[in-house]
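Let's take a walk through this structure together. Keep the 3D view open and turn it around as you read.

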Amino acid sequence: MKFIRLNNVEVEFALERSPTGQQTILNRVLGIHNPRDNLKFRALHDVNLEISEGDRLGLIGRNGAGKTTLLKVISGILPPSTGTVNVSGQVNALLNLGTGMDGDLSGYETIYVRGSLLGIRPKEMDVKAEEIVNFANIGEFIHQPVSTYSAGMFLRLGFAIATAIEPEILVLDEVYEAGDAAFKERSRIRIESFIARGNIVVLATHSTASIVKYCNKVAWLEKGTVVKFGSARDVVPLFQEGMGITPSPADSFIN
Amino acid sequence: MIISISAYTADMSSALRQHWIWRPLSHHDLRRRFRRSVFGVLWIVFQQMFFAVGAGLLWSTLFGVDARSFIPFVASGLAVWSFITGSYTSGCSTFSQAQVYLKQIPVNSSIFIYRMLYTNLVILFIGVLTSFFLVSILLPQNIGWGTLLVLPGIGMVAAAAFVTTQTLAYIGMRFRDVQHALPSLFQLLFVLTPILYPIDILRARGLEITEFINPFTSIIEVIRAPLINGVAAQWPHYAIVIAYIVVFQVLSVAVHARWKHEMPYWL
């Protein structure tokens with residue numbers, strides 16, 4: 001049974017005290033209390049979600065609304081400051097790609113390192129590596145350091161690795177939308193086959209078209225709080241209205 | 001208290017069992033360090049030999065000791081010294097070096113402690129083997145059954161490095177000044193520790209007490225004494241290393257209980 005349950009989840013970051021995070025020792029010695037010393041940023045506030053098998057949850061909201069933080073909490077990368085996260089099922093996450101790889105390693109080495117971190121056993125690795133190379137389709141560059149890759153190559157490799165073992169819960173940040181048409185098509189087929197087998201997908205995106213296409217449930221985030229949670233059919237129009245977006249033709253197959 | 005010990009044990013042993021993740025990471029670390037160099041990992045051997053032979057020849061004339069015994073002494077002392085201080089300094093960057101992964105992939109952060117330790121252990125083994133090679137050329141008469149005492153010595157030093165790396169991984173991450181303070185501390189300690197001068201000099205000056213108040217001397221001696229002389233180190237050295245391990249084990253459980261959960265917020 002796969003599910004995600006979040007109860008009263010809060011995420012609070014301590015903000016840097018000064019641009020470089022220093023400068024407090026003198027203040028501490030002198031006993032000066034700068035009100036900024038204990039500045040906190042609440043990235044998520046009182047988030048409650050229940051997602052079950054076969055659900056595809058879309059997260060929408062402005063930049064900085066907390067979408068990526070919520071993805072990190074769901075995938076277990078960031079434990080919540082308070083509240084509980086209950087996740088049953090093996091999670092794979094594809095979050096911001098640029099920082100996600102060690103630039104010195106070649107694409108091929110990256111497959112082995114990241115693949116094992118995602119849970120691919122050594123004995124399956126060679127077979128999986130070949131599949132990943134084929135799916136990523138970046139040619140001879142697979143043997144070059146990933147620091148030489150274009151954004152599209154990063155994306156294709158990252159996506160191919162993250163989806164190489166079928167995750168029971170796939171967590172995707174909007175990044176995956178940066179690919180070219182051919183890649184989008186292949187990734188769409190892969191995501192749809194995951195969905196068809198009852199796996200959970202959590203997707204953060206600015207594209208209401210993708211939400212409409214993939215998701216049955218939608219959470220609309222605003223300043224770290226879920227302001228609306230419900231079916232895509234109900235929440236997307238409200239969101240568009242709130243943002244002042246006129247529905248695009250692509251959204252029309254919501255009906 | 002009991003809860004934090006069992007949480008600690010469960011966490012560290014599950015990360016240990018995931019050796020198929022951290023071992024390849026270590027191999028990549030080593031390979032990366034020598035990327036595009038012709039001699040690769042052999043540079044570890046060259047650097048150690050070059051310094052040990054050069055410094056050994058020079059210092060042996062200064063102190064009037066036999067170069068044949070002094071060169072392996074410098075080589076082995078240096079190998080263990082760089083290993084143990086390396087577990088402090090690289091320990092501090094255990095998590096920050098892994099943030100590429102920790103920010104992206106749901107994985108137990110403790111595997112990166114083993115990654116760090118394993119990388120350093122490989123370098124220690126190379127250093128010990130190089131020293132043994134020097135001993136076999138310069139002091140073959142000292143090799144005997146007693147030489148096997150190197151093995152428990154390595155075991156103890158590895159255990160000391162294990163608890164050190166864990167402790168510093170959290171402390172170095174929480175207090176970023178530590179990693180900047182450590183090099184100056186070690187620079188001083190390097191002079192205070194008998195690596196480039198024989199312990200006998202301390203004994204001759206009536207300073208033998210200093211031999212047993214610096215734990216780094218003991219950590220070096222439990223490997224160096226059997227390696228170059230084929231005999232056990234003096235017993236207080238073993239006692240000191242065990243005490244060191246116990247102290248740092250307690251510290252490592254404490255920092256784990258306090259900060260394991262919070263750590264992702266500092267990345």
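As a tally, chain B has 13 helices and zero strands.

Keep in mind that this is a predicted model, in which local features need pLDDT of at least 70 and side-chain atom pairs count only at pLDDT 80 or more, while totals for chains, interfaces and linings use all residues. Residues are numbered from 1 along each chain as its sequence is written, chains are lettered from A and ligands numbered from 1 in the order in which they are written, and side-chain values use heavy atoms, with hydrogens and water left out.

How many of its 267 residues count as buried? The share is 54%, where buried means under 20% relative accessible area, exposed over 50%, and partly exposed in between (1.4 Å probe, protein chains only). Now for contacts, meaning heavy atoms within 4.5 Å: among those in chain B between residues at least 6 apart in sequence, 77% join residues at least 24 apart.

Next, hop over to chain A and find Ser116(A), which sits in helix H3 (residues 107–117). Is Ser116(A) buried or exposed? It counts as buried, at 3% relative accessibility. Leaving aside residues up to four places away in sequence, Ser116(A) touches Ile111(A), Met125(A), Trp20(B) and Ile21(B).

Now for some charged pairs. A salt bridge is a side-chain nitrogen of Lys or Arg within 4 Å of a carboxyl oxygen of Asp or Glu, and a search of the whole structure turns up 16 of them over all chains. One is between Glu12(A) and Arg42(A), at 3.9 Å from N to O. Glu12(A) lies in strand S1 (residues 3–14) of chain A and Arg42(A) in strand S2 (residues 40–52), so this pair ties together parts that are 30 residues apart in sequence. Glu12(A) is partly exposed at 32%, and Arg42(A) is partly exposed at 42%. There's a network here too: salt bridges link Glu10(A), Glu12(A) and Arg42(A).

Other bridges sit within a helix. In helix H6 (residues 181–196) of chain A, Glu192(A) and Arg188(A) are four residues apart, about one helical turn, and their side chains meet at 2.9 Å, N to O. Both ends count as partly exposed, Glu192(A) at 31% and Arg188(A) at 22%.

Last stop: helix H4 (residues 122–136) of chain A, where Lys128(A) and Glu131(A) are three residues apart, again about one helical turn. Their salt bridge spans 3.9 Å, N to O. Lys128(A) is buried, at 17%, whereas Glu131(A) is partly exposed, at 38%.

Methods. Helices (H or I, at least four residues) and strands (E, at least two) are DSSP runs, numbered from the N terminus.
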